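Subject: Structure handover

Hello,

Here is the structure for your files. My notes follow below it.

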Amino acid sequence: MERRIQWVLIVVFVLGLAACAAPPPKEDAGAAADAGAAAGVDQGADQRQGADLGTGFQGHPLDDPASPLSKRVFYFELDSSQLSEEDREIINAHAKYLAEHPEVNVVIEGHADERGSREYNMALGERRALTVRQLILVQGVGQQQIQYISFGEERPVALGHDDSAWGLNRRAELLYSGY
Amino acid sequence: MWNLIRSYPRSVLLAVLIHLTIVVLLTVSLRWPSTRPTLSNAPVDVVKAVAVDEAKVQAELDKQRARERAREQEIKRAQEQARRAEAERVQEQKRLAAVKEQRAEEQRKLKEAERKRQEQARVEKERLAKIEAENKALEQKRRAEQERLAALEAKRKAEEEERRKAEEARQRQEEARKRREAEEALKAQMAAEEQQRLADARRAQAMSTIDKYRVLIEAKVRQNWLVPPSAQQGMVCVLSVRLIPSGDVVSVQILESSGDAVFDRSVENAVRKASPLPLPPAELGLYDEFRELRFPFELQRKG
Amino acid sequence: MLGRMLSALFVAIVLVMPARAELTIQISEGVEGSLPIAVVPFGFEGRGAAPADIAAIVAADLRRSGRFQPLPREDMVGEPHEAQQVNFQSWRAVGTDNVVVGKLRALADGSYQVQFQLLDALRGKQLAGYSIPSRPDQLRQTAHQISDIIYETLTGQRGAFDTFIAYVVATGKGTDKATHRLAVADADGYGEQTILESTQPVMSPAWAPDGKRLAYVSFNKGRPAVYVQNVVTQEVRVVAEYPGLNNAPAWSPDGKRLALTLSKDGNPEIYVVDMATLRLQRITRHYAIDTEPAWAADGRELFFTSDRGGSPQIYRVRLDASGAATRPQRLTFEGRYNARASVSPDGKHIAVVHGADGKYRIAVQELNTGILRVLTDARLDESPSFAPNGAMIIYATEENGRGVLAAVSIDGRSHQRLSLQSGDVREPAWSPFKRL
């Protein structure tokens, strides 16, 4: 009889402790749910690609004009190496692609417009290339896949001497190879 | 459990009782009040105390003696005061007496002084009378003298008159001469002043002409002075320049160098390029003023 | 009475006589302008036509300096070739202060004797006269030497006409036939020689103090590297090809070290390379961009561009005996952009690319006082380089959409355009004085 009481007491005690010490059960469940959802979305995107074009693009994803991977030039403000939100997302897409295809290499070119001194513009171009590179590396892409180079103001795409030409020259470019 | 109670009734009862007692004791003990000691506030009446203290008696006696002494002292004080008052009254009376004495004295002195004055007045009058008499005598003597002198004077005057007339005649002649001479001197002076005025006018014109040409020369040299880029504000170079009547520069000398050869040369060049310098027309005869010129070049403003 | 008359007359005469004093005329300003000079076409004693128009080269040199105003040939009042033939009065009449006359004589062995005299028209005397032997290919050089002598005699400053400039020419920009050429020419733009030609960009030429070697950056190997080339022997040597940037070489005044920009340690920093051992010494340590080093005249300080303050400005560090650097001190505070410092030969000024109100111009800052003066007035000026006599600055600018070279005097008063040939010309570097 004492044993029964003992057991009752033990049971009551243990239940009490359990009530205090148990972690909130909701989070765990939520995280698991999110991961599942993301995975679901990615797969959905891939599937969506095919779905949007109706027939689905029959070629290399890098050559698909509708894919975010087709955007390979990113522009900057004067003397700045900051990327816009949209550009970041597109670069993330590139990073993901590179992470999934370790045999593909990319060269990041950094450029500047012609204003100011030449050598400083070389450093500015490099800073822009490195900003893009950093964003890609963070996504888990191997260093050996990425090369970067700055051309400063030496390789403009627009030859004018006005704001529109300068805006087009302040850029970082992704050049793929090995696919 | 009930079997237990049936088999061991006494033990159970004992146990229960003990337990109850303990419980009761515990609960009851909790409610007993604390035993803190308290002070009583009952007052004690000292006056109604029966016991008589020797010390108290002694104290009473001391008090009485003290009161007596105090009374005695009081009396003494009163007596003292009375004596003092008396003494003061006596002194006052003495003072008053003294004052009366003084006044009496003063009056006596005044009367004395009066008498003396009156005496002196009488003496004075007598003296004055004597002097008057003397003066009258003197006066008479003077009048007599004056009459004698007047007579002499009259003689002299007559003589003088004669001389004067002679003199006047001479003087008239003299003055005539002087007037002539003065007139001539005045004429000469006026002529001199005229010349002076003319000279001044010429000079003034010369000065304004000199100034005018000075400005012209300065302008021409300034226009020809190419200031070198290395020149600093405040640089000074002083030239001495010799001209010939045509205005051409024949010699340039550096009196004070600026320390910068390029600046010095530019300054010399300025004067040479400005040659011939503008000079006033020869008729004015001012060439001498311009024969040797001094040019201090000081760069005050850099364009 | 006679005495009085005489005295009166005497007084009158004395009053009329004028007083004598030396007249002083104060001059306190003059006119700004260049010295008028006539460089008379030289006579030629030899067969055929003269091989070179020495007088034209000299006149062009003198005009380019901004300090002289050569008389146009049509205004000349004669063509003397020797001092005795010169009528100073008539030259003075056309407003000329100085006259240069000369003769070119062909010698039997095919070489030439160039004789000239510099005359002072105001004082009517000779200031300088020389006879210079010259090979046929040296005639332009001789003319520049004559310009140097005239310049130094009349301004007191050493002339920089007998010097070189190095620069980069880019042609076919934007096409697939783009070429980049590193070239060296006389300071007046003539006699260009190609040092290096490439399809890849070439940048940042820098003269060694001995005037015989050029450091530059070339993308020949697909990425920027710093090379040193001897312009006489054409010998080339790689100085830096680290990962990242290898850029902006600058020679120390003793020629033994090269300062440059490397980003191998993560971001652009200044390093000094010992030219004998190629050992590196790191000068800056900051996450910002540090580039474009330039040496002070005593070789103990380095100027450089850094944007550690938010935008590019000029900073200075002192190097101690071991070559280590003190904390950088900022020098420029005017304008939101100051970069690419170039140090004057006397070490008292730096020329910079100065950006303000959206325009990029050449400005000069006096190091003692910190006073900045903007010298140019276009909007895309860059790459300033001092002449070795410190009197002029050559720089790159844009005209009609094309890159051209221009020069400005240190006081900002005289400007020249040096348009050499087709293509975009940029990054001029003025050589040191020639060492004989």
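Which side chain of chain B meets C:Asp97 in a salt bridge? The partner is B:Lys273, at 2.8 Å from N to O; a salt bridge here is a side-chain nitrogen of Lys or Arg within 4 Å of a carboxyl oxygen of Asp or Glu.

Before the rest, the ground rules. This is a predicted model, in which local features need pLDDT of at least 70 and side-chain atom pairs count only at pLDDT 80 or more, while totals for chains, interfaces and linings use all residues. Residues are numbered from 1 along each chain as its sequence is written, chains are lettered from A and ligands numbered from 1 in the order in which they are written, and side-chain values use heavy atoms, with hydrogens and water left out.

Chains B and C

The count of salt bridges between chain B and chain C is 2. In contact are 40 residues of chain B and 34 residues of chain C, where contact means heavy atoms within 4.5 Å. The size of an interface is often given as the accessible area lost when the parts come together. Between chain B and chain C the buried area is about 3600 Å², with 53% from carbon and sulfur atoms; this is the accessible area (1.4 Å probe) that the two parts lose on being put together, summed over both.

Chain B

Chain B has 5 helices and 4 strands, in the order α-α-α-β-β-β-α-α-β from the N terminus. Helices (H or I, at least four residues) and strands (E, at least two) are DSSP runs, numbered from the N terminus. Of the 303 residues in chain B, 15% are buried; buried means under 20% relative accessible area, exposed over 50%, and partly exposed in between (1.4 Å probe, protein chains only). The accessible surface of chain B is about 25600 Å², and carbon and sulfur atoms hold 55% of that. Such areas come from the Shrake-Rupley method with a 1.4 Å probe, and for residues only the protein chains shown count as cover.

B:Leu14, B:Ile18, B:Ile22 and B:Leu26 make a nonpolar surface patch of about 390 Å². Patch residues have over 30% relative accessible area and no salt bridge; like charges are joined within 9 Å, and nonpolar side chains (Val, Leu, Ile, Met, Phe, Trp, Tyr) within 5 Å. B:Ile18 sits in helix α2 (residues 9-31) of chain B and counts as partly exposed because its relative accessibility is 44%.

The peptide bond from B:Ser275 to B:Pro276 is cis, with omega near 0°. B:Pro276 is in the loop between α4 (261-274) and α5 (287-290) of chain B.

Chain C

C:Glu292, in strand β20 (residues 290-295) of chain C, has a positive phi near 55° without being a glycine. C:Glu292 is buried at 3% relative accessible area. C:Glu427 has a positive phi of about 50°, lies in strand β32 (residues 424-430) of chain C, and is buried at 2%.

Chain A

Chain A has 5 helices and 4 strands, and 39% of its 179 residues count as buried. Helix α4 (residues 118-138) of chain A is largely enclosed by the rest of the structure, because 17 of its 21 residues are buried. After α4(A) comes A:Gly140, with a positive phi near 95°.

Regards
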